[in-house]
Amino acid sequence: MGITDLTTASGRIIWYWHYRLKSRKDLNSRSTRREFEGVLLKDSEGGHACIQPWPELGDPSLAKCLEDLAGARRWPIVRRALRCMEMDGAARSVEDPLFEDLEVPLSHATLVSRDELEVARAVELGFTVAKLKCASDLVGTGAFLDAMIKAHPSLKWRLDFNESGTAEDLVAWIAALPAETRGHIEFIEDPCEYSEPKWRELHRKTRMPLAVDREAAPSAADAQVMVIKPAIDEPWLLAEAAQGMGQRVVVTSYMDHPLGQSFAAWEAGRLALPFPGLVGTCGLQTHHLFEPDAFSEALGPWSPDFHAAPGTGLGFNDLLAKLPWKRLP
């Protein structure tokens, strides 16, 4: 872990601090990493943000993000971090918490493996929706869903394939599922690589709602659900497009640092103001996927409700103040 000073092309002074999160399990079908490097950022206006790229999902490396931050700022993940710093810094400058009087949507339980005990724990904690990270083992996934639906009939399911499936296999798999199981699936996220004709045909054949995440864009009309990740997406732009296309919206974290997780929660709460009824149950609780630290503990236990960390702006004041930030001379 280290500290480095950075001055952007605009003359704005930024400091950054490397962190490393360690996951308890593999987090999705696209990655076998268990350690995830990112940076916390702090600017001369007092704002904070984080950058934690997923190169296996198309993001630039962390080194390229930092290079971009000091220069052209081409990458969405860099521009969104700057936006986070701007909003956080403005709130901290007047000593206001960003979450005051803000209603953050409930979250689904993010499950990264077929773990019966984890499902039972989620139900016990009050989750009513679970999102399962799926791999290519469709037969095993179907058997797991059948068993979990019998054990927990009130729980709804969201299945995330991270574009690892094929439309042909999914059509056959969904057709073979029992009607009761199909009825408990709320939507399938990124079932395969997004293309308008392929997704349109997949939806026509399965009648299953499809959620677009990685290729979320105002033109993604062949999805029924828009997944917005404030770490890389412009929430208002996508929400306005989703509303126009009659889509539902789900806001999720980037499975990043608790500070980034808080930024996603704040954006989810803000969207409900201009777009009432558009944002449903979200995916804002992911800190339980990683080994705990002081930042994750500040968000409280795993729960459908988001608990903001104490402090002004996005919170974490005491913890951020203890980091050995350095200013440029």
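This is a short tour of the structure, stop by stop.

The model is predicted, so local features need pLDDT of at least 70 and side-chain atom pairs count only at pLDDT 80 or more, while totals for chains, interfaces and linings use all residues. Residues are numbered from 1 along each chain as its sequence is written, and side-chain values use heavy atoms, with hydrogens and water left out.

**The annotated span.** Select residues 113–209. An unreviewed UniProt entry annotates them as "domain: Mandelate racemase/muconate lactonizing enzyme C-terminal"; such annotations may be inferred rather than shown by experiment. The span is 53% helix and 15% strand, and its end C-alpha atoms lie 22 Å apart. Helices (H or I, at least four residues) and strands (E, at least two) are DSSP runs, numbered from the N terminus.

**The cores.** Next, select Leu40, Leu41, Ile51, Trp157, Leu159, Trp173 and Val251, the residues with the most contacts inside the largest nonpolar core, which has 101 residues. A nonpolar core is a set of buried Ala, Val, Leu, Ile, Met, Phe, Trp, Tyr and Cys residues joined through side-chain atoms within 4.5 Å. Buried means under 20% relative accessible area, exposed over 50%, partly exposed in between (1.4 Å probe, protein chains only). Helix 2 (residues 76–93) gives this core its largest share, 8 residues. A second, separate core of 5 residues includes Phe187, Ala211, Val225 and Val250.

**Glutamate 163.** Move to the loop between strand 7 (156–160) and helix 5 (167–176), where glutamate 163 sits. Glutamate 163 is buried, at 16% relative accessible area. Beyond its neighbours within four places in sequence, its contacts (heavy atoms within 4.5 Å) include Arg30, Asp190, Arg214 and Glu215.

**Helix 8.** Select residues 235–244. Pro235, Leu238, Ala239, Ala241 and Ala242 are the buried residues here. Down the helix axis they fall within an arc of 165°, so they line one face of helix 8; the arc is that of the directions from the helix axis to the C-beta atoms. Their cover includes helix 2, strand 10 (225–228), strand 11 (248–251) and helix 9 (258–271). On the face turned away from the buried side are the exposed residues Glu240 and Gly244. At the start of helix 8, a side-chain oxygen of glutamate 234 comes to within 3.3 Å of the backbone nitrogen of tryptophan 236. Glycine 246, with a positive phi near 75°, follows the helix.

Finally, select cysteine 65, which is buried at 0% relative accessibility. The whole structure has 0 disulfides (a disulfide is a pair of cysteine sulfur atoms within 2.5 Å). The closest cysteine sulfur to that of cysteine 65 is in cysteine 50, 11 Å away, too far for a bond.

Technical notes
A polar contact is a pair of N or O atoms within 3.5 Å; within protein, one must be able to donate a hydrogen and the other to accept it, and residues adjacent in sequence count only if both atoms are side-chain atoms.
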